[in-house]
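Welcome, and take a moment to look over the molecule shown here. The report below walks through a few of its features, a topic at a time.

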Amino acid sequence: MASVQLCGAAVGAAASVQAIRVPTSAAIGIRPARRASHGLVVRAATVVAPKYTTVKPLADRVLLKTKSAELKTTGGILLPSTAQSKPQSGEVVAIGEGRIIGDSKVEVSIQIGAQVVYSKYAGTEVELNDSNHLILKEDDIIGILETDDAKDMKPLSDRVLIKVAVAEDKTAGGLLLTDSVKEKPSIGTVVAVGPGHLDEEGKRVPLPVSAGSSVLYSKYAGAEFKGADGTNYIVLRVSDLMAVLS
């Protein structure tokens, strides 16, 4: 998103200088030079005065310092900005004081310093002290990363981490299937479960499934991840589970 607003006078002045030619695409992407005193930029063409250098989340919101988008593929090919994968992980740098549910105050359950993964399009992007940040609600955080491997993720709230079943390589008649035509599996094994959702009194309700259960889930639900060994995992809410298989 652009963070520069062009006023009418500035546009007119630029048009009157014939010797300088600036491509339209470059003009859109240009950002003003940074001042020595780093400020806060909210990515909606809104620039906050440089005197603000910290952000304190309110209620059940969390401030994350996000990881940078990948600039290259695993094979070393440089990616254009439009093809770079949007990061879904970051470090918790500040948390709110929690929220009131019924007569109970529920504090944010995530600790500062935790490495987390979050819903792809959640939150508001913020640039603070030359680093990308994201403010989002605690419920938009999918899980906590205990290690760099997806299999060790600790799901939050009413979410479940599932190891996806391997897709069939052949048809019933023995024909080999390419990756593009393999049917997307919707069966897997539960690896870990969250603590449960909050009821009207602010108490956790345990989930009806446990680690080791084989489950059938909604085909297009959840967020997909790949483990260090190439194994596919998916994190989804328990409401997206359709059945326990035995």
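Let us begin with a pair of facing residues: Val 160 stands opposite Val 193 in β13. Strand β12 (159-164) and strand β13 (residues 187-193) pair in the antiparallel sense over five bridges. Strands and helices here are DSSP runs numbered from the N terminus, with at least two residues (E) for a strand and at least four (H or I) for a helix. Two strands pair if DSSP finds at least two bridges between them.

Strand β13 also has a link to strand β16 (residues 214-217): three bridges join these two, which run antiparallel. Here Gly 188 stands opposite Val 215 in β16. As a general point, side chains in a regular strand alternate between the two faces of the sheet.

## About the model

This is a predicted model, in which local features need pLDDT of at least 70 and side-chain atom pairs count only at pLDDT 80 or more, while totals for chains, interfaces and linings use all residues. Residues are numbered from 1 along each chain as its sequence is written, and side-chain values use heavy atoms, with hydrogens and water left out.

## The chain as a whole

The protein chain has two helices and 19 strands. Of its 246 residues, 32% count as buried; buried means under 20% relative accessible area, exposed means over 50%, and partly exposed lies in between (1.4 Å probe, protein chains only).

The protein chain exposes about 15,600 Å², and carbon and sulfur atoms supply 55% of that area. Such areas come from the Shrake-Rupley method with a 1.4 Å probe, and for residues only the protein chains shown count as cover. Among contacts (heavy atoms within 4.5 Å) between residues at least 6 apart in sequence, 62% join residues at least 24 apart.

Side chains of opposite charge can pair when their charged atoms come close. A salt bridge is a side-chain nitrogen of Lys or Arg within 4 Å of a carboxyl oxygen of Asp or Glu, and by this rule the count comes to five. Which residues form a network of salt bridges? Asp 139, Asp 158 and Arg 237 are linked in this way.

Arg 237 forms a salt bridge with Asp 139, the closest N and O atoms being 2.8 Å apart. This pair links distant parts of the chain, 98 residues apart: Arg 237 is in strand β18 (residues 232-237), and Asp 139 is in the loop between β9 (131-137) and β10. Arg 237 also meets Asp 158 in a salt bridge (2.6 Å, N to O). Asp 158 lies in the loop between β11 and β12, 79 residues from Arg 237. Asp 158 counts as buried at 10% relative accessibility, whereas Arg 237 is partly exposed at 24% and Asp 139 is partly exposed at 36%.

## A buried aspartate

Where does Asp 149 sit? Its place is in the loop between β10 (141-145) and β11 (153-155). Asp 149 is buried yet has no salt bridge, and the nearest side chain of opposite charge, Lys 151, is 4.4 Å away. For charge, Lys and Arg count as positive and Asp and Glu as negative, with His and the chain ends not counted. Leaving aside its neighbours within four places in sequence, Asp 149 is in contact with Gly 227 and Ala 228.
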